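These are my notes on the model. They go point by point, with terms defined where they come up.

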Amino acid sequence: MTKQNEISNVVAKLWNLCDVLRDDGITYHQYVTELTYILFLKLAKEQGIERRIPSEYRWDRLIERDGADQLMLYKEILTKLGESSDEMLHDIYSGARTNIDEPKNLTKIVKSIDEIEWFSQEHESLGDLYEGLLEKNANEKKSGAGQYFTPRPLIDVMTRLIAPQPGERCNDPACGTFGFMIAASRYVYDRTKGFFDLPDGVSAEFELNRAFSGVELVPDTRRLALMNAMLHKINSQILLGDTLSDLGKTLTDLDVVLTNPPFGARKGGERALRSFTYKTSNKELIFLQHIYNSLKPDGKARAAVVLPDSVLFDDGVGKSIRVDLMNKCNLHTILRLPTGIFYAQGVKTNVLFFTRGVSDQDNTKEVWFYDLRTNMPSFGKTNPLKVEDFAQFEAAYLAKDRRKVNDERWNVFTREQIAEKGDTLDLGLIRDESVVDYEDLPDPVDSGEEAVDQLEEALDLLKSVVNDLKKIEGRN
């Protein structure tokens, strides 16, 4: 059995345990959070970090009990570890509470986890396993988790094209379960022989503890991010809070930003918004301002950001932000994404790739567009997005001379052309074969003579048929 198949089998076993908790009214998302609490105890034992946990709250103490006694200890574990002075334990268990009311359900889950042969799982595989659970949760519509889980193929292509380098500070200001930063870490790890072949002045300690950071607003989601990072040996800071508040002021001079920020209007009950140059209630527009202003103005700092179509054409503040972006950054590429790849099926999205300039003026000279939306198959649960779907886009993006790329989906507009169109970026979509335009129809004047000929032929044929029918009737 391959390593991937082994991981898939374990993920399936763990996911199926959710059925055990339905009697307790637990949702899929609550189950993944609950599973995180329990898995941490087991994996701490398997990975040799159990010394961080007080002896009375370790896995062996939990597994040796059952029924009400076990549930009581489990609740105590959640409380005590959430109060721990150990930063990792505190972060993962802070505010933790169980949704399990039936003792036998907890016993079933604990025993099932204990029976899995964890010793055969390498540390890297444990991270893949946990991400598999998160992906299962995202694909389950009832969980509502898809809103913060970006498809792995999209994360990987964005990361490869941005190409984070050793020594660079990478950040996701709306990190969800930390998928982008894990991909960025893996990218550097694979190209430096496990952080052993690093440039002078760059240490493995920096890569493990400071290079890849994030911010997450939702406590339970941050908990999943912390677990995900731990299983991938990443100890960087994952802040709990709102990037759009004053907390975001600490995120400056970044080398790389990879993110899929939340969309929609900001509600009045949320944290106070810090001061931005262009005031708006649209989260995507506020996040975009934060992102390009958080990049180091050195001509190399760069970002890849998933944003909805509205960012490309909104008037007023939206237009001002686009102009500011194109002034401060070289907005060199926009990927028009297929529909149906996110939880909100109706939302049309794009990836904007840009590099912060040294100055704040005239950095965008031209913008290249790749249309991966028009005349594409329908993507969704039965036809998930695959790495191969991005192959032609990647080839065009990386071409030494983009003008020599022969691909109808690949188009360019100069900054002057964009200005002439009112600074809209809703461009680059090719002809949709499923839509019949008026120009597709024959010209009524040019085709008039041909139409008359066809009508006369039809009348002659009809007369012939009628005459034949009369002859047959006469014989009878």
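Leaving aside its neighbours within four places in sequence, which residues is Asp309 in contact with?

1. Asp309. The residues in contact with Asp309, apart from those within four places in sequence, are Arg336, Lys348, Thr349, Asn350 and Arg373; contact means heavy atoms within 4.5 Å. Asp309 lies in the loop between strand 5 (302–308) and helix 13 (310–313). Helices (H or I, at least four residues) and strands (E, at least two) are DSSP runs numbered from the N terminus. Asp309 counts as buried because its relative accessibility is 11%; buried means under 20% relative accessible area, exposed over 50%, and partly exposed in between, with a 1.4 Å probe and protein chains only. Val351 is 42 residues away from Asp309 in sequence and 9.9 Å away in space, C-alpha to C-alpha.

2. Basis of the model. This is a predicted model, in which local features need pLDDT of at least 70 and side-chain atom pairs count only at pLDDT 80 or more, while totals for chains, interfaces and linings use all residues. Residues are numbered from 1 along each chain as its sequence is written, and side-chain values use heavy atoms, with hydrogens and water left out.

3. Overall content. The protein chain has 17 helices and nine strands. Of its 476 residues, 51% are buried. Among contacts between residues at least 6 apart in sequence, 75% join residues at least 24 apart.

4. Helix 11. The 13 residues of helix 11 (residues 219–231) should span 18 Å at 1.5 Å a residue, and the end C-alpha atoms are 19 Å apart, which agrees. The expected span is 1.5 Å times one less than the number of residues. Helix 11 is largely enclosed by the rest of the structure, because eleven of its 13 residues are buried; among them are Arg222, Arg223 and Asn228. Just after helix 11, Lys233 has a positive phi of about 60°.

5. Helix 2 against helix 11. The axes of helix 2 (residues 28–46) and helix 11 come within 10 Å and cross at roughly 35°. Axes are lines fitted to C-alpha atoms, for helices over the stretch in contact, with angles from 0 to 180 degrees between N-to-C directions. The crossing is left-handed, that is, the near helix is turned anticlockwise from the far one by less than a right angle. Residues of helix 2 including His29, Tyr37 and Phe40 meet residues of helix 11 including Asp220, Arg223 and Met227. By class, this contact has nine nonpolar, four polar and two charged residues. Ala, Val, Leu, Ile, Met, Phe, Trp, Tyr, Cys and Pro count as nonpolar, Asp, Glu, Lys and Arg as charged, and the others, Gly among them, as polar.

6. Helix 4. With 16 residues, helix 4 (residues 67–82) reaches 23 Å from its first C-alpha to its last, close to the 22 Å expected. Its buried residues are Gln70, Leu71, Leu73, Tyr74, Ile77, Leu78, Leu81 and Gly82. They cover an arc of only 165° around the axis, which puts them on the same side of helix 4; the arc is that of the directions from the helix axis to the C-beta atoms. Ala68 and Met72, on the other side, are exposed. The buried residues pack against helix 2, helix 3 (59–63), helix 5 (87–93) and helix 6 (103–115).

7. Leu251. Leu251 sits in the loop between strand 3 (238–240) and strand 4 (256–259) and is buried, with a relative accessible area of 9%. Beyond four places in sequence, Leu251 is in contact with Asn171, Val215, Thr243, His290 and Ser294. Of these, His290 is 39 residues from Leu251 in sequence and 9.0 Å from it in space, C-alpha to C-alpha.
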